Amino acid sequence: MNYLRDDWAVVVPMANEAPDYEPFVAALTAVLDRLESGRVYFIVDNASKDATLQLCQATGAKDSRFVTIWAPENRNLVHAYLRGLKEAHARGHRLIIEMDAGLSHDPNAIPMFLRVLNEGNECALGSRYINGGSNVDSPLKRRFFSLTGTVLARVLLGAKLSDMTSGYQGFHAHIVEKLLQKPIHSTAHFYQTEVRYLLRKRRIMEVPIHYRAPSPRVSRGAIANALRTLGYYALKRMTFKAPEI
């Protein structure tokens, strides 16, 4: 169990999280206490209109394991993810986990990600569609888009993973370094699919997760960006010029 005390960090974009903030932070704190290691980076930007920033800062003032990054320059969710990865990498963490807030992703799965990353795998990728994984309280619309994204990635990109749209994932630091050097074309939800496609030749293991998505909302802009990005990589694949990490 010594690997659980590795230098690891969790990156969490935070926007309008006040309603579920306390139970989410309590769950994260329990995991940090149990493992006696780890740090959490909250990435907050102008997309958040409630008291999320103040709540995050208050938590950090009481517990130094929680670090709040105020990033008003962010223009979309992808910028928030990348800023978090950049912060964690710059501070020298060996293992970096990326997850969503609002209890969409269960913090209790973190030890499983750490174990997978210490078993010879460069990436641990959360999956709802393997044995032990599930969608919990997810609206039909969100399930449809998630499954459709995975099917299209398999057909057009030759993807092999069971879940190409989950945002719960962990990497070794050298993978994060290479990811930060790559141009990312996604601006919204397709980011997860893009990253997983770029990592297709790395040592990967999928980790079963329980996912909860209370909101069915997926904007037209996000769908349009996903289709454009999918088309870009499909064309690159057909011309044998597909980028990779």
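**Pocket and salt bridges in a predicted model**

Tutor: The second largest pocket holds about 160 Å³ of space. This is a predicted model, in which local features need pLDDT of at least 70, side-chain atom pairs count only at pLDDT 80 or more, and totals for chains, interfaces and linings use all residues. Residues are numbered from 1 along each chain as its sequence is written, and side-chain values use heavy atoms, with hydrogens and water left out.

Student: Why is Asp63 with Arg65 called a salt bridge?

Tutor: A salt bridge requires a side-chain nitrogen of Lys or Arg within 4 Å of a carboxyl oxygen of Asp or Glu. For Asp63 and Arg65 the N to O distance is 2.8 Å, so the pair meets the definition.

Student: What makes Asp63 buried?

Tutor: Buried means under 20% relative accessible area, exposed over 50%, and partly exposed in between (1.4 Å probe, protein chains only). Asp63 has 16% relative accessibility and therefore counts as buried.

Student: Is Arg65 buried or partly exposed?

Tutor: Arg65 is at 22% relative accessibility, so Arg65 counts as partly exposed.

Student: What makes Asp163 and Arg128 a salt bridge?

Tutor: Their side chains meet at 2.8 Å, N to O. The two residues are 35 residues apart and link distant parts of the chain.

Student: Why is Asp163 called buried?

Tutor: Asp163 is buried because its relative accessibility is 0%.

Methods. 1 Å grid on protein atoms, 1.4 Å probe; cavity = no way out; pocket = protein on both sides within 12 Å on 5 of 7 lines; lining within 4 Å. Points joined across faces, edges and corners; volume = space filled by probe spheres on them. Helix = DSSP H or I, 4+ residues; strand = E, 2+ residues; numbered from the N terminus.
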